[in-house]
Amino acid sequence: MSQRDPFNQSANDQYREDREFERQRAIERMRLLLKNVMRDKDGRELVFFMLDLTQCDTVSFNTNALTMAFNEGRRSYGLDLKRLIDPELYQLMLKESYERTRNKRISRNDK
């Protein structure tokens with residue numbers, strides 16, 4: 001690997017462009033992988049469980065700064081994961097989650 005020259009602006013710009021291109025390529029690859037996982041009902045249930053663990057739709061505030069930092073880091077991961085999910089599969093995942101919850105409530109009330 002060659003050394004970067006901090007005074008060579010055109011080389012620095014090229015380096016930044018290359019890094020950004022690689023980052024975008026990696027993001028697209030992750031989107032494709034996640035889409036393949038979510039094509040299956042079990043995959044959508046797994047992704048829903050992971051999003052639920054991150055508590056990305058809740059407030060991360062806490063009076064303890066370390067707890068709040070931990071909560072915000074977990075929430076940040078969930079938000080990043082949500083950005084990668086295909087919107088149609090996300091809606092299907094939410095619908096299936098609602099049905100699972102509804103079926104559990106119904107089965108508890110039948111006892």
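Mentor: What follows is a discussion of salt bridges in this predicted model.

Trainee: How many salt bridges does the structure hold?
Mentor: The count is nine.

Trainee: Which residue forms a salt bridge with Asp13?
Mentor: The partner is Arg16, and the closest N and O atoms are 3.0 Å apart.

Trainee: Where do Asp13 and Arg16 lie?
Mentor: Both belong to helix 1, which covers residues 9-38. They are three residues apart, about one turn of the helix.

Trainee: And is Arg16 buried or exposed?
Mentor: Arg16 is exposed, because its relative accessibility of 51% is over the 50% cut-off. Asp13, at 30%, is partly exposed.

Trainee: What is the N to O distance between Glu28 and Arg31?
Mentor: Their side chains meet in a salt bridge at 2.9 Å. Glu28 and Arg31 are also three residues apart in helix 1, which means about one helical turn separates them.

Trainee: What are the accessibilities there?
Mentor: Glu28 has a relative accessible area of 44% and is partly exposed. Arg31 is partly exposed as well, with 32%.

Trainee: Changing topic: which residue does the side chain of Lys82 meet in a salt bridge?
Mentor: That residue is Asp57, with 2.8 Å from N to O. Lys82 lies in helix 3 (residues 65-84), whereas Asp57 is in the loop between helix 2 (41-54) and helix 3, so the pair ties together parts that are 25 residues apart in sequence.

Trainee: What about exposure for that pair?
Mentor: Asp57 is exposed, at 62% relative accessible area. Lys82 counts as partly exposed, at 23%.

Key
Residues are numbered from 1 along each chain as its sequence is written. This is a predicted model: local features need pLDDT of at least 70, side-chain atom pairs count only at pLDDT 80 or more; totals for chains, interfaces and linings use all residues. Side-chain values use heavy atoms; hydrogens and water are left out. A salt bridge is a side-chain nitrogen of Lys or Arg within 4 Å of a carboxyl oxygen of Asp or Glu. Helices (H or I, at least four residues) and strands (E, at least two) are DSSP runs, numbered from the N terminus. Buried means under 20% relative accessible area, exposed over 50%, partly exposed in between (1.4 Å probe, protein chains only).
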